Amino acid sequence: MKPTMNQYQAIINFQENDDYYYAVKTIKIFCRFSCKSKAPNLNNILIFIKNDKNLNNFRPCKRCEPLNPRPATANIIDKFKNYLKNCHTKITLEQCAKALGYNSSYLSRNLAQHRIKFNEYLKNEINN
Ligand SMILES: [Zn+2]
């Protein structure tokens, strides 16, 4: 299906989406919303639910590796670190997750995968 404006904005802003990939018609690849490749032209994008069989007509992007779960986590960690870098007050995991557009258990699961403890990390960032 064609992207909505919200979906297109998310792609331009590298906001990972848990449910959808986008495919680029012209080059026949599909990507995560968070892919750091150059944003494709709106008219060349198709949105697919992640388990859509039509994705078989496209190749997974080599940059964001949409079928590999690790880079998505890496993106979340990047966003998390960037956010805390600019955050000078004490916040809770819930507030942080909300600001990043995740639910808190999803964020804390991803942090755990990278052995990051929210409170410790926050303390170090604020003291620096
Ligand atoms: Zn990609």
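Mentor: From the N terminus on, the elements of the protein chain run α-β-β-β-β-α-α-α-α; helices (H or I, at least four residues) and strands (E, at least two) are DSSP runs, numbered from the N terminus. This is a predicted model, where local features need pLDDT of at least 70, side-chain atom pairs count only at pLDDT 80 or more, and totals for chains, interfaces and linings use all residues. Residues are numbered from 1 along each chain as its sequence is written.

Trainee: How many helices and strands does the protein chain have?

Mentor: The run α-β-β-β-β-α-α-α-α can be read off from the N terminus. Tally it up and the protein chain has five helices and four strands.

Trainee: In what order do the four strands sit in the open sheet?

Mentor: Two strands pair if DSSP finds at least two bridges between them. S1 (residues 20–24) and S2 pair in the antiparallel sense over three bridges, and S1 and S3 are also antiparallel, over five bridges. The edge strands, each pairing on one side only, are S3 and S4 (59–60). Overall the pairing is mixed, and the order is S3-S1-S2-S4.

Trainee: Which residue stands opposite Tyr22 in S3?

Mentor: S1 pairs with S3 in the antiparallel sense. On the S2 side, Ala23 stands opposite Phe30. In S3, the residue opposite Tyr22 is Ile47.

Trainee: Which residue in the turn of the S1 and S2 hairpin has a positive phi?

Mentor: The hairpin has four residues between S1 and S2. The one with a positive phi, of about 60°, is Lys28.

Trainee: Is Ser37 buried, exposed or partly exposed?

Mentor: Ser37 lies in the loop between S2 (29–31) and S3 (45–49). A residue is buried if 20 or more other C-beta atoms lie within 10 Å of its own, exposed if 12 or fewer, and partly exposed in between, with C-beta atoms placed from the backbone. Ser37 has 15 other C-beta atoms within 10 Å, so Ser37 is partly exposed.

Trainee: Leaving aside neighbours within four places in sequence, what is Ser37 in contact with?

Mentor: Contact means that the C-beta atoms of two residues, placed from the backbone, lie within 7 Å. With those sequence neighbours left aside, the contacts of Ser37 are Cys31, Cys61 and Arg63.

Trainee: Why do the buried residues of H4 lie on the same side?

Mentor: H4 covers residues 104–113, and its buried residues are Leu107, Asn110 and Leu111. They sit on the same side of H4 because they cover an arc of only 100° around the axis, taking the arc as that of the directions from the helix axis to the C-beta atoms. On the other side, Ser105 and Ala112 are exposed.

Trainee: How far apart do the C-alpha centres of domain 1 and domain 2 lie?

Mentor: The protein chain is divided into domain 1 (5–60) and domain 2 (73–127), with bounds that come from an automatic or database domain assignment. The C-alpha trace spans about 50 × 25 × 20 Å along its principal axes. Between the two C-alpha centres, the distance is 26 Å.
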